[in-house]
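User: Hello! I am new to this structure and would like a close look at one part of it, with enough of the surroundings to find my way.

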Number of protein chains: 2
Amino acid sequence: MTEQLIGWVAVDAGGTSTRTVVVDPTGRCLGYAVAGSGNPIAVGPEAAAASVAQSVRHALGEAEVPSARIRQVVLAMAGAGSTSVAPEIRHRLAGIGLDAPLVFESDLLATYFSGTHLPDGYAVVAGTGAGAIRVEDGRQVAVADGLGWLLGDEGSGFWIGQRVVRAALADLDGRGPSTALTPLMLARLGVPAPSDDGDRKPILAVVRALYASPPVRLADYAGLVFEVAGDRTADDILDEAAATLARTLTAVRSPTVSGPMVLGGGILGRGRQLADRLATAADAGEVHTVADGAVGVCVLTLRHAGTYVDTAVFQRLTTSLATLR
Amino acid sequence: MTEQLIGWVAVDAGGTSTRTVVVDPTGRCLGYAVAGSGNPIAVGPEAAAASVAQSVRHALGEAEVPSARIRQVVLAMAGAGSTSVAPEIRHRLAGIGLDAPLVFESDLLATYFSGTHLPDGYAVVAGTGAGAIRVEDGRQVAVADGLGWLLGDEGSGFWIGQRVVRAALADLDGRGPSTALTPLMLARLGVPAPSDDGDRKPILAVVRALYASPPVRLADYAGLVFEVAGDRTADDILDEAAATLARTLTAVRSPTVSGPMVLGGGILGRGRQLADRLATAADAGEVHTVADGAVGVCVLTLRHAGTYVDTAVFQRLTTSLATLR
C-alpha cells in the first residue's frame, strides 16, 4: 500500500450473490469479495444492503485500501430496487467507515460491459430475473422486460424454476407427462416418492415446503433443467426459455446497431445449453457469454473516474480480476 | 319461528366471497347471506374467519333461528386452509353465540353437489383456484390440482388473470402482440396510455401497482378476458385455459364412472365461453354449470343431519335457496 493509492468500489448486486471489486483508475483490480443476494426485491432492503456492505468490507480488506481513500461507490442493481434501498445502503456503508458518494447503475449495462468495451450492442441477462437492453454510445437506450417474477422476467431462473416445479407436480398429479425432473425435485426437498398411484402425500409435502419460502426462491430449482439431458419436458422448457428471451431481445433491436451481443446472468452463464439456443434463435453474430456484471461495473466505475476504457484497459480489468477470483 | 325449529348452518367459503345458508332437515333454506373472501390462503386466517362469522351472523338473522338451535356448522373450504383456520373460525363463531360442532368438507365436493344429487360423477372448479374431482358413492375419491396460485391452479382465475396482465405488459414492452386487453388493464388501474413508443412510464406504474397487492389478486384481472370478444390474445388464453382444465379432469377420470360433470367457480360459472370450450375439449355428456358451492354444501349438511337427499329434497333445496338469493 502506497500513500498515493486511491481506489473506486464497484458493486454488482445480483439476485443470488453480490460481488464487489476495488479498482484503481488505471483498471487494475486490487480486491474482490462475494456475499449473498443484493437484490432488495428478492430478500428485502435490509438483507440486500447487508450483503453489499459485507462484500465491500471484505474487498477493501483484501485490497488493503483504507475506506478514506475510496473516491466513489458504483453499484449495479436491478432498476426497481435502487431508490428504496439507497438510504439503507448508505447507512450500512457509513457503518464500515465508507462515506464516499454512492452512484447507481443498471445491472443490465454492467452485464453488457462485462463482455465488451465497445460502445454499441446488446445484452440479454437471465439470472434470477431476465431482461434485454440496447446500448448506443455507451448508454442504455432501450430496455425490455426485467419486470420481476410475478409480471415478467420471462426466460429467467424464476421462470424456468417455476416450470420445473410445476411440471414435476403435474407428473405426480397425473396431469402431465412423466419427467426425470420429478425425482430430482423430490430428492432436493427430501420428500419420499409416492408409494402408489393414489398417494398424494408427496404432492402435499412439496406444496407445503415451497409455499413456506418466498415465491422467488423457485429460481433455486432452475438448475435441475440442466441435469436431465434428453428429458423431453426439460428440453421443452429450455426451448421455450430461449424463444422468449429471443423475443425480449427482438423488442430492443434496432437496424442501425448490429452487435456485439453479451449474454449474462446465472442462467445464461451456466453451460451452453440455453446460450446456444438463444444465439441460434436470435441469429446473433459476435456473442460473449459472461458469468456476471463484475467486470462491467468496473468499466462503468472507471468511466465515473474519468478513465477512457479502451482495449488495453479492458484487458487489464479482466486479467487482474481473474487473478483475484 | 316455531319452538320446534332447529337448523343447520352450511358455509361455502370461496376465494372471492363466502356464502352461508341456514337449512332445516327437510331441505328448506331459511336464511342466506354473503360476505367477503373466506379463503385463508388468499386473505389470511383472520380475515377468512371474519368473513365466515359475518355471513353466518347475517344468515341466522334472516332465518330468525337462534344460535342455540343450530345443531352443526358445515364449512366447505379449499383443503389446504382448513386445519390452520379452524381455531380462528371456532373462536369467531363463539363470539356470535354459536357453539355447535364445526365440520369441514371439500369445496370441490360442495361444487359437485350444487349441480346434482347423483352419487357418481365429476366436478371441475375454476374460481380464484382450480381443481377437479371424481365422486363415487357420494365421496370424493380422486382429486387433481388445487395446488394454489404459485404451483398449480392451472386454468383458474389467477392463472388467467396473470396471463392477461403479462400479455398487456408484453404489448406495452414491445415483446408481444398488440391486444385489446392492454387499454382495459390500464383503465382498470387508472394508468394513462404511453405517450409514444419509448414511454415506459405506464409499464413502471402498472408494475408498481400490481406488486403492491398480494400476488393472488391478479385473479381480479381474469374477467377482462371475457370483455374483448374476437381478440386473438384473449382467445388464446381461453383456449389454453380450457385445454389445461381438460387435462386436470382427465387426471381424475375413470372408465367405470361416466358422469354427470359439474362445472363451477367464478370463472367457469361466468358466461359460456370457457365452460363450452371445456365441455367440448373433455367430450362431456351431461353437464351442469353452477355459480358456486352453496347448494352443494347444503346437500353435505343434510347428509350430516341424517337426511337422504333424493330428487325431491334436491329440488326443494335449489328452489328455496333461489327465492332467498
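In E8(A), which residue is the bridge partner of A:Val135? Please start there and walk me through the strands around it, then the rest.

Analyst: Happy to! The bridge partner of A:Val135 in E8(A) is A:Gln140. Please keep in mind throughout that this is a predicted model.

E7(A) itself spans residues 130-136 and is mostly covered, with six of its seven residues buried.

Strand E6 of chain A, residues 121-126, pairs with E7(A) in the antiparallel sense, over six bridges. Here A:Val125 has A:Gly131 of E7(A) as its bridge partner. A hairpin of three residues makes the link from E6(A) to E7(A).

Strand E1(A), residues 7-13, is mostly covered: seven of its seven residues are buried. In a regular strand the side chains alternate between the two faces of the sheet. For E1(A), one side carries A:Gly7, A:Val9, A:Val11 and A:Ala13, the other carries A:Trp8, A:Ala10 and A:Asp12, and all of these are buried, which leaves both faces covered.

E1(A) also pairs with two strands. With E2(A), residues 18-23, the pairing is antiparallel over six bridges, and A:Trp8 stands opposite A:Val23. Four residues lie between E1(A) and E2(A) in the hairpin that they form. With E4(A), residues 70-77, E1(A) pairs in the parallel sense over five bridges. There, A:Asp12 has A:Ala76 as its bridge partner.

H2(A) runs over residues 45-63, and its 19 residues reach 27 Å from the first C-alpha to the last, close to the 27 Å expected at 1.5 Å a residue. An α-helix has 3.6 residues a turn, so residues three or four places apart point the same way. The buried residues of H2(A) include A:Val52, A:Val56, A:Ala59 and A:Ala63. Following H2(A) comes A:Glu64, with a positive phi near 60°.

Stepping back, chain A as a whole has 11 helices and 10 strands. Its radius of gyration is 21 Å, close to the 20 Å that the globule rule gives for 325 residues, so chain A is as compact as a globular protein of that length. Its C-alpha atoms fill a box of roughly 75 × 45 × 35 Å along the principal axes. Buried residues come to 53% of the 325 in the chain. Of the contacts in chain A with a separation of 6 or more, 71% are between residues 24 or more positions apart.

There is a second copy to meet, too. The same surface serves both copies, since 100% of the contact residues of chain B recur in chain A.

The contact itself takes 20 residues from each of the chains A and B. On the chain B side, the elements that give two or more residues are E8, H5, H7 and H8. H5(B) makes the largest share of that side, four residues. The chain B side divides into 11 nonpolar, four polar and five charged residues.

Just after H5(B), B:Gly174 takes a positive phi of about 75°. H4(B), residues 107-115, is mostly covered too, with nine of its nine residues buried; among them are B:Leu108, B:Tyr112 and B:Phe113.

Notes:
Residues are numbered from 1 along each chain as its sequence is written. Chains are lettered from A and ligands numbered from 1 in the order in which they are written. This is a predicted model: local features need pLDDT of at least 70, side-chain atom pairs count only at pLDDT 80 or more; totals for chains, interfaces and linings use all residues. The radius of gyration is taken over C-alpha atoms; the globule rule is 2.2 Å times the number of residues to the power 0.38. A residue is buried if 20 or more other C-beta atoms lie within 10 Å of its own, exposed if 12 or fewer, and partly exposed in between; C-beta atoms are placed from the backbone. Two residues are in contact if their C-beta atoms, placed from the backbone, lie within 7 Å. Ala, Val, Leu, Ile, Met, Phe, Trp, Tyr, Cys and Pro count as nonpolar, Asp, Glu, Lys and Arg as charged, and the others, Gly among them, as polar. Two strands pair if DSSP finds at least two bridges between them. The expected span of a helix is 1.5 Å times one less than its number of residues.
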